[in-house]
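Please keep the sequence and the model in view while reading.

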Amino acid sequence: MQAYQDILPQIKALGASMVAISPQTPERSLSMAEKHDLGFEVLCDAGNQVARRYGLVFSLAEPLRELYSKKFGAHLPDYNADKSYDLPMPGTFIVAPDGFIQYAFVDPDYTLRLEPKEILNSLRKTAGA
Amino acid sequence: MDFTGTSLNGKKFGMSLQKALQEFKEGVVAQLPPEDVAKMDEATEELVRSGIAAGAKKAGDQAPDFTLPNPSGEMVSLSRLLAQGPVVVTFYRGTW
């Protein structure tokens, strides 16, 4: 999130905006927004309803549930607004003003993310710059 | 998810995000027993094999509209943001 925060001024300069969406409770999202001093909205997607419509939701594998609780202090039902073990795959979408997705990055490997500079490259194409 | 010495914050972002994440992952893995690492790798591989990514929205698809609350309870909608220009929508799992 910090990496995206760093390019926010450039995103805005290109006439675009940014939102982050997570299934966490609003309290958890707020603490993240404060922790990273985020300049974009962090929205609460209770029950992953929006993430599901983007085709991103899976349920955390059984063997990992206890592992996450014990090793990461992340008992998901406490974090998730719907008390489930469901998670969204990390995904970033650039949506053009006409409502169509111009660029999509989705990967089931949670350690992979879209590079911030790719976001800017794509936005520049839209802006025709 | 806080691990001593593996913070994703701060100056590490001079490097690419992917490199920072890779280093973060290696830092996390170094603190976990091998059987836990195996469990995590297995789960990720299983998710890849499940083909779940193929069902996700792609470039050229219509973006499903949404209206969601921010932490202050104000409703934010994609369509309203799109009236101002392009929108970067990013999904993440959590703070931990």
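In strand β3 of chain B, the bridge partner of I94(A) is V88(B). The model is a predicted one, in which local features need pLDDT of at least 70 and side-chain atom pairs count only at pLDDT 80 or more, while totals for chains, interfaces and linings use all residues. Residues are numbered from 1 along each chain as its sequence is written, and chains are lettered from A and ligands numbered from 1 in the order in which they are written. Helices (H or I, at least four residues) and strands (E, at least two) are DSSP runs, numbered from the N terminus.

**The sheet across the two chains**

- Five strands form an open sheet with mixed pairing, in the order β2(A)-β1(A)-β3(B)-β5(A)-β6(A); two strands pair if DSSP finds at least two bridges between them.
- At the edges lie β2 (41-44) and β6 (101-106) of chain A, each of which pairs on one side only.
- From one strand to the next, the twist averages 20°, where angles run from 0 to 180 degrees between N-to-C directions and axes are lines fitted to C-alpha atoms, for helices over the stretch in contact.
- Strand β5 (residues 91-95) of chain A pairs with strand β3 (residues 87-91) of chain B in the antiparallel sense, over five bridges.
- Within β3(B), V89(B) is the bridge partner of F93(A).
- Strands β5(A) and β6(A) also run antiparallel and are joined by five bridges; here V95(A) stands opposite I101(A).
- A hairpin is formed by β5(A) and β6(A), with five residues between them, and G99(A) in the turn has a positive phi of about 90°.

**A helix pair between the chains**

- Helix α4 (residues 62-72) of chain A packs against helix α2 (residues 34-49) of chain B at an angle of about 130°, with their axes 10 Å apart.
- The two helices, α4(A) and α2(B), are therefore oblique to each other (angles under 35 degrees count as roughly parallel, over 145 as roughly antiparallel, 65 to 115 as roughly perpendicular and the rest as oblique).
- The contact is made by P63(A), L64(A), L67(A) and K71(A) of α4(A) and by D36(B), K39(B), M40(B) and A43(B) of α2(B); residues are in contact if their C-beta atoms, placed from the backbone, lie within 7 Å.
- These contact residues of α4(A) and α2(B) divide into five nonpolar, no polar and three charged (Ala, Val, Leu, Ile, Met, Phe, Trp, Tyr, Cys and Pro count as nonpolar, Asp, Glu, Lys and Arg as charged, and the others, Gly among them, as polar).

**The interface as a whole**

- In total, 52 residues of chain B are in contact with 72 residues of chain A.
- On the side of chain B that touches chain A, the largest share, eight residues, comes from α2(B).
- That side of chain B divides into 31 nonpolar, 13 polar and eight charged residues.

- Chain A has six helices and six strands, which follow the pattern α-β-α-β-α-β-α-α-β-β-β-α along the sequence.
- Buried residues make up 41% of the 129 residues in chain A; a residue is buried if 20 or more other C-beta atoms lie within 10 Å of its own, exposed if 12 or fewer, and partly exposed in between, with C-beta atoms placed from the backbone.
- Q22(B) lies in helix α1 of chain B and counts as partly exposed, because it has 14 C-beta neighbours inside 10 Å.

Notes:
Contact = placed C-beta atoms within 7 Å.
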